[in-house]
Amino acid sequence: MAINSYVNTALRDRYFAACDAVYALGPAARAEAEVETRFGTTHVYVYGPGATDPGGASRTPVVLVHGSGGNSSQWYPNVAALSADRTVYAIDTIGDPGRSVQREPIHQPDRAARWLDEVLAGLGLERVHLVGSSYGGWLALNQAHRAPGRLASATLLDPGGLEKVGARFFAWIYLSALAGIAPKALRPRLAAWLNQPVLVVPELYRMVMLGARAFRLRRPAPLPLTEDELRTIRTPLYLLMGARSLILHPERQRERVPRLVPGARAEIFSNAGHGPNIEHAEEANGRMLSFMDSIG
């Protein structure tokens, strides 16, 4: 498996400028860090309380893991709320178009779990609320199964890892790309029809389009966890799905996951698709915080 990389430095730099415009839609990070692992250098953005706010800094921190083909800027609608009373670490997954640098592949489940545990250890984090979206949801679910020692909880936002990714998801990506070249006046209607917020956020749209040109992403879709693997999970689990999800069947998973994972909470977000934390950020933030507060 080849290492994912940028096509050239000129495109990479243009892409980074587009990423910075998306980051600017949310609060500025108070710090950035580079964490060395055996798989590569992982770039991390830090938000929220610092040493001057010992109350907030002492609460269990939140770690955010983005979806495939993206980077930590996707959390711009969420970091302000999530970091109001807790420190938040947003990770650029190695192998995706961000500021991390990959040296070894991590698409295999055991390698992915080792990589993420090394990142948390490198940040000095012993107990975290892990939040993953889409492919990041698979990473979080995989961590809860394979290396749960540092996890206070895991929140899965319309995640991979529960069902095999089907043709309807790839059809959605194709239609979203076609909608992106439609006249601007039509894009809000197409965005609503497709549940695709990228189409109506110019900064996000530019970043995604540049990322597709600038970065070579070659990674197989992760296989879903088996029912026996799901039964091993004891980490408090919160599953939040869009009612119009195209990566899983929400009603099926709302019944299935709590049956297999003791104490798991599963909810369906009405009028949302694959990105509930972007489409309905305020309500999603409230739901995530309520779950984390119930854990501590």
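Student: Where is valine 44 found?

Tutor: Valine 44 is in strand β3, residues 40–47. Keep in mind that this is a predicted model.

Student: How do you know whether valine 44 is buried or exposed?

Tutor: Look at its relative accessible area, which is 0%. Buried means under 20%, so valine 44 counts as buried.

Student: What is valine 44 in contact with, leaving aside neighbours within four places in sequence?

Tutor: The list includes Ala31, Glu32, Ala33 and Val35, and also Tyr89, Ala90 and Ile91. Val119 and Leu123 are in contact with valine 44 too.

Student: What makes tyrosine 6 and phenylalanine 215 an edge-to-face pair?

Tutor: Take two numbers, starting with the ring centres, which are 4.8 Å apart. Pairing needs centres within 6.5 Å, so these two rings qualify. Then the planes: they stand at 75°, and over 60 degrees counts as edge-to-face, so that is the name the pair gets.

Student: Why does that pair tie together parts that are apart in sequence?

Tutor: Tyrosine 6 belongs to strand β1 (residues 5–6) and phenylalanine 215 to strand β9 (residues 215–216), so the pair links parts 209 residues apart in sequence. Both tyrosine 6 and phenylalanine 215 are buried. They also belong to one aromatic cluster, together with Tyr15 and Phe16.

Student: Why is the pair of tyrosine 135 and tryptophan 138 called stacked?

Tutor: Their ring centres are 5.5 Å apart and their planes are at 25°.

Student: Where do tyrosine 135 and tryptophan 138 lie?

Tutor: Both are in helix α5 (residues 135–146), three residues apart, which is about one turn of the helix. Tyrosine 135 and tryptophan 138 are both buried.

Student: What lies over the face of tyrosine 135?

Tutor: Arginine 219 does, at 4.0 Å from the ring centre. Elsewhere, the charged end of arginine 287 sits over the ring of phenylalanine 269, 4.5 Å from its centre.

Student: Which residues make the contact between α4 and α5?

Tutor: On the α4 side they are Pro109, Asp110, Ala112, Ala113, Trp115, Leu116 and Asp117. On the α5 side you have Trp138, Leu139, Asn142, Gln143 and Arg146. Sorted by kind, the contact has seven nonpolar, two polar and three charged residues.

Student: What is phi of aspartate 158, and where is that residue found?

Tutor: Phi is positive, about 40°, although aspartate 158 is not a glycine. Most residues other than glycine have a negative phi. Aspartate 158 is found in the loop between β8 (151–157) and α6 (167–179).

Student: How do you know whether aspartate 158 is buried or exposed?

Tutor: Its relative accessible area is 0%. That falls under the 20% cut-off, so aspartate 158 is buried.

Student: And what makes asparagine 271 buried or exposed?

Tutor: Asparagine 271 has a relative accessible area of 53%. Over 50% means exposed, so asparagine 271 goes in that class. Asparagine 271 lies in the loop between β11 (265–269) and α11 (276–279), and its phi is positive, near 60°.

Note on methods
Residues numbered from 1 in each chain as written. Predicted model: local features only at pLDDT ≥ 70, side-chain atom pairs only at ≥ 80, totals over all residues. Heavy atoms only, no water. Phe/Tyr/Trp six-rings, centres within 6.5 Å; stacked < 30°, edge-to-face > 60°. Helix = DSSP H or I, 4+ residues; strand = E, 2+ residues; numbered from the N terminus. Buried < 20%, exposed > 50% of the residue type's maximum accessible area, 1.4 Å probe, protein only. Lys NZ or Arg CZ within 6 Å of the ring centre and 35° of its normal. Contact = heavy atoms within 4.5 Å. Nonpolar A, V, L, I, M, F, W, Y, C, P; charged D, E, K, R; others polar.
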